[in-house]
Amino acid sequence: MGSRRPTDITLGVADILRPRGITFIHDTVNEVQPDALKVCTETSEYEYDYLVISTGPHLSCEEIPGLSPEQGFTHCTFTMEYAVKSKEAWNRLLEEPGPIVLGSTQMASCFGPYYELAFEMDHELRKRKMRHKVPITYLTSEPYVGHMGVGGLGKSKRFMEDEFAELDIKTVTNQSIDEITPDEIRLAGGGTLPFKLAMLAPPFKGVAGVAPLGNPRGFIPADNHYRHPDHANIYTIGVAMALAPPEPTPVPTGVPKTGFMTVRMAKAAAANIAADVQNIPPTYEKELSVVCLMDMGRTAALMVADPVLPPRQKSYLKKALWAKWAKIQFEKYFLWKMRHGYSRLP
Ligand SMILES: Cc1cc2nc3c(=O)[nH]c(=O)nc-3n(C[C@H](O)[C@H](O)[C@H](O)COP(=O)(O)OP(=O)(O)OC[C@H]3O[C@@H](n4cnc5c(N)ncnc54)[C@H](O)[C@@H]3O)c2cc1C
């Protein structure tokens, strides 16, 4: 929405890592050779004793014609460059109001940000007294709103339905997309959704350079200690890791691996590598739980799921103004911690 500039939330990784004796090389991995213990990049080759794959998603826009902030007609906030383009598209919409369609395509694996966008856009338009000029539709591959790729979370289905109904945000669920043209989304099975601004999470895949080590969509399998089942010295964390959905959904969706989860996976993998170096058994097992603070315009919601996939010991969803303040405080704390290179074991 423009409340942060790229420089507010961007850090120079090399300078932060150097005092820890860690060299940062900015290069693209084209291939991993697990038998030769080598990583091949655009410009060089690197030998390794241990490898941690944390390459995140390939945003697979090519799977749906017309879907792309570059060659297509949709926007998304999943890279800094795309987020900046989205802001420009948002500014154009404010000048020439019209319908917004936002949400997630088939095989998308990250739903939270588009719920946040729906609430943020609604809030911003109401502040500007323009909401009546901008119909908003939440379009998703999820079988119902609030599913979020994890089979729902506490009362998330009822909660999102109620919130969207109150804010007059229409929903189209359980839907895959055939094609996107400059001004409409063509839905599988017929029907179209016209738009002035379309913001859609693309399908997720693993990135090409590591995909041969992974499943058919290029996500890397990991055992209980984040190790590749066939290569004990290769670890995987974050979005790159394969994680089976809790249940097959009629339109395929992926399980989100949030930043919160990724940080915990990274700490666990680091501790397990340290144990292996000392010839002791790995200490940390896969225990995936999640805590999220979801922006909702003027307010926010705290969401907790432990474990992340059902059945759960604990799941919790609470809307409150303090959650908004907690999110802002957490942002400041997280950036401060990262700037100073502070870390601790899980
Ligand atoms: C808009 C948005 C909002 C979000 N909000 C939240 C939130 O509130 N809370 C939360 O917990 N999570 C949130 N997330 C999710 C969170 O950002 C991700 O879960 C997290 O970034 C995943 O970390 P990762 O290291 O797996 O992947 P990434 O952060 O995607 O990092 C992967 C890195 O690998 C690099 N890379 C890719 N391919 C190659 C290659 N071939 N060679 C070399 N490098 C390569 C990429 O350039 C990138 O730097 C949000 C995500 C988005 C998009």
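**The ligand shell**

Guide: The shell around the ligand divides into 9 nonpolar residues, 11 polar and 1 charged. Ala, Val, Leu, Ile, Met, Phe, Trp, Tyr, Cys and Pro count as nonpolar, Asp, Glu, Lys and Arg as charged, and the others, Gly among them, as polar. This is a predicted model, where local features need pLDDT of at least 70, side-chain atom pairs count only at pLDDT 80 or more, and totals for chains, interfaces and linings use all residues. Residues are numbered from 1 along each chain as its sequence is written.

Visitor: Which of the 21 residues around the ligand come nearest?
Guide: Val29, Gly56, Gly238, Thr258 and Gly259. A residue is near if its C-beta atom, placed from the backbone, lies within 6 Å of the molecule.

Visitor: And which elements give two or more residues to that shell?
Guide: Helix H3 (112–127) and helix H5 (259–277). H5 gives the most, with 3 residues. Helices are DSSP runs of H or I, at least four residues, and strands runs of E, at least two, numbered from the N terminus.

Visitor: New topic. Where is Asp183?
Guide: Asp183 is in the loop between strand S9 (177–180) and strand S10 (184–187).

Visitor: Why does Asp183 count as partly exposed?
Guide: Because Asp183 has 13 C-beta neighbours inside 10 Å. Buried takes 20 or more other C-beta atoms within 10 Å, exposed 12 or fewer, and partly exposed is in between, with C-beta atoms placed from the backbone.
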